[in-house]
Amino acid sequence: MQHVPDYSPIVFITNTAPMSPAVYGGRAKCLQRLIRLDMPVPATVALSFDAVHEIATGAPIDLHQILPHFDENPLLSVRPSSASPDWGGPGAVLNIGLNDLTFKSLKKRLGNDAACRLYLRFINAYAIDVARLDADVFQDMDNPSEADVTSALQTFEDEAEEAFPQDVGRQLSDVITSMARAWEGTTARLLRQAKGAPADAGLGLVIQAMALGVGKGESGSGVIQFASSDTGQPGIHGRYLSQSQGREALDPQAQSLFLTNDKRGPSLQERCPDVFDDLLAHGKLARQRLREEMSIEFTVENGKLAILDAVRISRASRAAVKIAVDLAKDKVIPRQDAILRVDPKALSELLHRQIAPYAKRTVLADGIAASPGAATGRIVFTATDAQAAAARGEAAVLVRRETGPEDIRGMHVAVAVLTERGGITSHAAVIGRGIGLPCVVGAHGLAVNAKKKTLIGRNREILREGDIVTVDGTSGQVLKGEVDTVEAGLDDSVKTLLSWADDVRDIGIRANADTPKDAVTAGRFLADGIGLCRSEHMFFEADRLTLMREVIFAENSDDRAAALERLMPMQRADFTEIFNVMKDRSVCIRLLDPPLHEFLPSDRAGMRNLAAALGLPLSVVTERIETLSEFNPMLGLRGVRLGITFPEIYEMQARAIFEASLDCGSDVKPEIMIPLVSAKREVELVKARIDAIAASVRTEKGRDFEYTLGVMVETPRAALRSDDIAGHADFLSFGTNDLTQMTYGLSRDDAGRFMSPYVQQGVYKEDPFHRLDEEGVGELLSIAAKRGRSARPNIILSLCGEHGGEPEAISFVRTIGFDYVSCSPFRVPVARLAAAQCVLRDQI
């Protein structure tokens, strides 16, 4: 039977004391590790999470378990120790125990100036942070006198209506109680929950003997680390400040010393070479034994070094990858640990330009962070204006109430997109992620008036066309003016980490790529293939759009076939280029899906232009557009229904695919996907026509080729009847955007309007378009996988909705036996790493 350690509420930290970060917090456990490494750590006592919680609710503090571990008249510090340093906590309180008696002793030991500075600092800290007195009447001074100390003591007595406490036990009890209650407060709880902490996260406290950092000999405090927090590059970073305490050395206004010899000024290395050498040795040992890059807080008192604390260094995403890879290369940790240490979503930041951490933000609106990255440009309100700006060499931010297919060309040339409406799977969001375009959708408090060409922010500030804004698609903020950004790019460390991940993962990662340019991006991020090529996006170029409109306005099948025959070489050329880019990697092409009205203009001016292009009266064009309009077009004549109603469209596309595959050689084996299927008979009808086209192309060209035919499962009925459908399909690819929409009865473009209160009030755990609903939609996926494989054991299963790049969704579909996921090209690296982490976590 496994021995369970007996954890005391209050424990003196030694080499052998029972100590767990889950009981006492990370800081307490790290201090024990430093003690085990024989580092000069002052005497320290730890209070457990439970002890601190009880103190916050009124329990007395047993000082007899604390004070005997320190000198008779101790000077102490108290610091927070939570489970994660990222969760924050109350600020440290130093110099506890200072009173009139120890003040006299310090004057003899340190000198009058230093003693006055320490005592005044403690009086002020105690008054403001513990007694909660008015901060305005207590002020620190650079060079206080005894008179200033006496004045502060009198001010405390006047404000608190009692004398400043002189007993160290009283001071310590008050500090501990204040910190415990601060942690339990509503504001502190909400702040740490925003950083990912559970609502009931505990706080431990560490009580440590002071190493003063003030004295007649060389004394001071500092922080040192051995890798850059921004880049992860090895190097000595930090500061040291003579005659200081805590983290004062990091104050930008402080006259800090450099750590290493530097031409710009004095350094710790030249002033205290022995201390500097000891710090280097301790840093090297900590990295090796703690298996992490640490930031070490230290104090020097009369030339003697004390290590007060060591924490995992804060790090940007790029630094996190570099540090993990370097630790693995140096054999400090195994490669598997390096893979697990990097948050997959952090890689997304590395693929896009980001707002600089130090940049000042003036927020105009907050919305949904739909596609990461940051860009600055002048506001434009139409795709045409975006194209005109690009032609002039100007950066443009396309602002729309919501985007549609007619905006795609403008999106391709804009530097960012902002929409008033929409959710995480809206048109703007999906296209933005696909082409790596920063995008914020569903911006709260934003009013777009395209007619007046104005944009009203949340503070009623009016912006007009040509005004400069910055879109932060990573945070979902829209910022006024130009804001500093930092460059993106996959460096060697990222590539190395992903190569290790590829060696581990057991599920394929493909990309959604609609154009040859997208295919190049997918190849650059080493996608296993293309899991979703939305063929309709090829029709929105100006020359093709006119032909597509001719197809729509054709009076009969012969006229329709004639127009499609002119379109076919263009589709074939696109497919040929994509096949050539992907070489021997798989390419899955979805046949035409959107309703036909999306190819038609919606405004009067566009209708007049169309009438002129087709040589038709405006009345005929208007009537035809009205005829095609539907009450709910997303559930109307689209997907496979188009292929059955207008079979010439799918026949043309199939021919273009087959001829392109022949042009590219025998290694190409296209996958053709039928969208929005709900019945077996739909598949039978389309399959018969596609097989007939394949036979015709083989006869005409005198050459054979291979292809597979599958179904995009986007309706609940198709999921439930997957055993019927599987008999006629080589693969089932689950489009969870529409499947979620139909399962919930939610419009993915409108759900953003009410999703926040739904999540806040616990109706949904998370936006189901952002996080795969494993209980509802996930059950449909599980049922479909089981039934599909019961009918056809070797059928290929995949996920190709926007959830395909979510680590949680990858983990889920992997457990139910899916073969691959497909996501936007810029999310491929995220998915590759997440897939590897799934495997490694199963092995733990």
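Tutor: Start at Thr419. Its side chain reaches the backbone oxygen of Arg421 at 2.6 Å. That is a polar contact: a pair of N or O atoms within 3.5 Å, where, within protein, one must be able to donate a hydrogen and the other to accept it, and residues adjacent in sequence count only if both atoms are side-chain atoms.

Student: What sort of model is this?

Tutor: It is a predicted model: local features need pLDDT of at least 70, side-chain atom pairs count only at pLDDT 80 or more, and totals for chains, interfaces and linings use all residues. Residues are numbered from 1 along each chain as its sequence is written, and side-chain values use heavy atoms, with hydrogens and water left out.

Student: Is Thr419 buried or exposed?

Tutor: Thr419 is buried, because its relative accessible area is 1%. Buried means under 20%, exposed over 50%, partly exposed in between, with a 1.4 Å probe and protein chains only.

Student: Which residues is Thr419 in contact with, leaving aside neighbours within four places in sequence?

Tutor: Arg400, Arg401, Glu402, Thr403, Ala428, Val440, Val441, Gly442 and Ala443. Contact means heavy atoms within 4.5 Å.

Student: Which strand is Thr419 in?

Tutor: Strand S14, residues 416–419. Strands (E, at least two residues) and helices (H or I, at least four) are DSSP runs, numbered from the N terminus.

Student: Where does S14 sit in the barrel?

Tutor: Between S15 and S13. The closed barrel has seven strands, S11-S15-S14-S13-S12-S19-S20, with mixed pairing. The twist averages 40 degrees from one strand to the next. Two strands pair if DSSP finds at least two bridges between them.

Student: How many bridges join S11 and S20?

Tutor: Three, in the antiparallel sense. S11 covers residues 363–371 and S20 covers 477–480. Val363 has Leu479 in S20 as its bridge partner.

Student: Switching to helices. How do H18 and H20 cross?

Tutor: At roughly 10 degrees, with their axes coming within 9 Å. H18 is residues 516–524 and H20 is 557–582. Axes are lines fitted to C-alpha atoms, for helices over the stretch in contact, and angles run from 0 to 180 degrees between N-to-C directions. H18 and H20 are therefore roughly parallel, a label for angles under 35 degrees.

Student: Which residues make that contact?

Tutor: Pro516, Ala519 and Val520 of H18 meet Asp574, Glu577, Ile578, Val581 and Met582 of H20.

Student: And the whole chain? How many helices and strands?

Tutor: 32 helices and 29 strands. Buried residues make up 55% of the 844 residues.

Terms used: Angles under 35 degrees count as roughly parallel, over 145 as roughly antiparallel, 65 to 115 as roughly perpendicular and the rest as oblique.
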